[in-house]
Amino acid sequence: MSSSRPFAAKKPASRIRMDAASRKQSILDAALHHFSTRGYEASRIDDIAADAGLSKGGFYAHFASKDEVFQALLARSLAIPTLDVSALIEHSASARELSERLIKVLYAPLSKPGLMAVSKLLLTEGHRLPELVERWRQSMLNSLYTQIAGLLGAAVAKGICRDSVACREPWLVIAPLAYLVTQRLAHGTSVQPSLRRAQRLHVEMLSELLEPVR
């Protein structure tokens, strides 16, 4: 598999025996390759199945439709991290430390192979499946906002953070990350800050918002 195409599907020369979970991952890899190169509408289930080493019937043994595959790709690559609120609070003695730990967790998914490819699909093909994308947004993003609100509320109660606008509008906490991903999709990395620098600046911004007034 070429490093320039981390989501490209492998084409086995013969059928390979796999467990169900591995087979589903092969289907998702093949689907991501076809969706990214041909577009969602032009991608055929027959071709996705063939690249995954399956018959069309074998595909349907794991997924009912292309829509279901698209949803599974979102869940696999754009899954929202689960925040361990107790651990984050326990190991943070200041707003700065809490910001560093939280931002580290939020940026961790950027290392996932295929993340940018799936993010681009969400932007370019999401309008074809508005109900599916809305369900993903409601279940995933709203869950993250609730977790962040709970974390910051606990931090305020502990006295390490002040009750700032970030506590009341938790979407603001991830806004710089969403902007970074969108800009990289549109312009690549040449004119954007490095991931490390972006993460450091995000920590500085959030810690300034949360630092208690002395």
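How many helices and strands does the protein have? The protein has eleven helices and zero strands, where helices (H or I, at least four residues) and strands (E, at least two) are DSSP runs numbered from the N terminus. Along the sequence, the pattern is α-α-α-α-α-α-α-α-α-α-α.

Before going further, here is how to read the model. This is a predicted model, in which local features need pLDDT of at least 70 and side-chain atom pairs count only at pLDDT 80 or more, while totals for chains, interfaces and linings use all residues. Residues are numbered from 1 along each chain as its sequence is written, and side-chain values use heavy atoms, with hydrogens and water left out.

Let us start with the whole protein. Of its 214 residues, 42% are buried, meaning under 20% relative accessible area with a 1.4 Å probe and protein chains only. Contacts are heavy atoms within 4.5 Å; among those between residues at least 6 apart in sequence, 73% join residues at least 24 apart.

Next comes the largest pocket, which holds about 670 Å³ of space. A pocket here is an open set of points on a 1 Å grid over the protein atoms alone, where a 1.4 Å probe fits, with protein on both sides within 12 Å along at least five of seven lines; lining residues have an atom within 4 Å of a point. The lining has 26 residues, and the closest to the pocket's centre are Leu78, Trp136, Leu141, Ala178 and Val181. Helix 7 (115-125), helix 8 (130-158) and helix 10 (171-187) each give two or more residues to this lining, and helix 10 gives the most, with eight. By class, the lining has 22 nonpolar, three polar and one charged residues.

Now for the cysteines and a proline. The whole structure has zero disulfides, a disulfide being a pair of cysteine sulfur atoms within 2.5 Å.

| Residue | Relative accessible area | Class |
|---|---|---|
| Cysteine 161 | 5% | buried |
| Cysteine 167 | 14% | buried |
| Proline 212 | 12% | buried |

Proline 212 sits in the segment after helix 11 (195-210). Leaving aside residues up to four places away in sequence, proline 212 touches Ala95, Gly159, Ile160, Cys161 and Arg162. The C-alpha atom of proline 212 is also 9.1 Å from that of serine 94, although the two residues are 118 residues apart along the chain.

Terms used:
Buried < 20%, exposed > 50% of the residue type's maximum accessible area, 1.4 Å probe, protein only. Points joined across faces, edges and corners; volume = space filled by probe spheres on them. Nonpolar A, V, L, I, M, F, W, Y, C, P; charged D, E, K, R; others polar.
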